[in-house]
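Student: I am new to this structure and would be grateful for a close look at its salt bridges. Please set them in the context of the whole chain.

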Amino acid sequence: MLRIETILCRAGIMDNYAYLLIDEKSGIAAVLDPSEVAPIVKRCQELEVKPEYILNTHHHYDHTDGNQALKQMFGAKIVAHARDAHRIEGIDIAVNDGDVFMLGESAAKIMAVDGHTLGHILWYFTEDKALFTGDMLFNLCVGGLFEGTPAQMWESILKIKALPDDVMFYPGHEYTLHGAREALYFSKDKSAAEAYLRRAQDRLQKGMPVAPVSLAEEKKCNPYLSAENEAEFERRLGY
Ligand code: FE
Ligand code: ZN
């Protein structure tokens, strides 16, 4: 079993989410996408956890800025996509599409998803049905196309659409309200989208992250996941 602690970083600026992942059986822990050092160290101290790994979804600084400090502080090993080896400093373990990374006894499948960047990966903890999507998939929206093409992004969307409905996903930013207008506009099921947004607003008001949301709900309400084909997806992206 994986314990997942959500840590808000760059609050009010970029609203990144870093995640502290603890394999409960072994006690082995990792930090995923350490955006900012202070809030992560604080939570580690509160929980008396010493992360052994730093897991990255992609090279952008708002996901990797804490890498070096945490590596020094905890002696943690940086795990990232082999394709980002030239631009993420100090990678200790390079992973590739389809690899399985063991965090103690919790297995994570590496899924390559080009689009936001070339070399972006998802961390899919299969047994726990927890999917860490970085800047590929947010609540009700997707990440911008910084490096890939719309066609590559659609391939990545199809990989997510193929995952089981009961998988819960954990995005790299709190961007739910950014996607609200499009979600309502494109939704074939307005009441589902409205219910999604009501729940999101309620959680945000309480200072809680909207995540995690099930892929079932996301496939219904996220206009990029609910697109039926590549042409429709690209129209929704504005291409
Ligand atoms: Fe990014
Ligand atoms: Zn980001």
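Tutor: The account below begins with the chain, turns to the charged pairs and ends with some points of the backbone.

This is a predicted model, in which local features need pLDDT of at least 70 and side-chain atom pairs count only at pLDDT 80 or more, while totals for chains, interfaces and linings use all residues. Residues are numbered from 1 along each chain as its sequence is written, chains are lettered from A and ligands numbered from 1 in the order in which they are written, and side-chain values use heavy atoms, with hydrogens and water left out.

The chain contains eight helices and 14 strands; helices (H or I, at least four residues) and strands (E, at least two) are DSSP runs, numbered from the N terminus. Its radius of gyration is 17 Å, close to the 18 Å given by the globule rule for 239 residues, so the chain is as compact as a globular protein of that length. That radius is taken over C-alpha atoms, and the rule is 2.2 Å times the number of residues to the power 0.38. Of the 239 residues, 53% are buried; buried means under 20% relative accessible area, exposed over 50%, and partly exposed in between, with a 1.4 Å probe and protein chains only.

As to charge, the chain carries 25 positive and 36 negative side chains, and the centres of the two sets lie 3 Å apart. Here Lys and Arg count as positive and Asp and Glu as negative, with His and the chain ends not counted; the place of a charge is NZ of Lys, CZ of Arg, CG of Asp or CD of Glu. Side chains of opposite charge can pair when their charged atoms come close.

The structure holds 15 salt bridges, each being a side-chain nitrogen of Lys or Arg within 4 Å of a carboxyl oxygen of Asp or Glu. One of them joins Lys 25 to Glu 105, with the closest N and O atoms 3.9 Å apart. Lys 25 lies in the loop between strands E2 (16–23) and E3 (29–32), and Glu 105 in the loop between strands E7 (100–103) and E8 (106–112), so this pair ties together parts that are 80 residues apart in sequence. Lys 25 and Glu 105 are both exposed.

A second pair is formed by Arg 87 and Asp 84, whose closest N and O atoms are 2.8 Å apart. Arg 87 is partly exposed, at 28% relative accessible area, whereas Asp 84 is buried, at 1%.

Within helix H8 (residues 230–237), Glu 232 and Arg 236 lie four residues apart, about one turn of the helix. Their side chains meet in a salt bridge of 3.3 Å, N to O, and both residues are buried. Elsewhere, a network of salt bridges links Arg 3, Glu 5, Lys 42, Arg 43 and Glu 46.

The backbone also deserves attention. Most residues other than glycine have a negative phi, and most peptide bonds are trans. Asp 15, however, has a positive phi of about 50°; Asp 15 sits in the loop between strand E1 (2–9) and E2 and is partly exposed at 23% relative accessibility. Leu 140 likewise has a positive phi, near 65°, in the loop between strands E11 (137–138) and E12 (141–142), and is buried at 1% relative accessibility. Finally, the peptide bond joining Ala 211 and Pro 212 is cis, with omega about 0°; Pro 212 is in the loop between helix H6 (190–205) and strand E14 (213–214).
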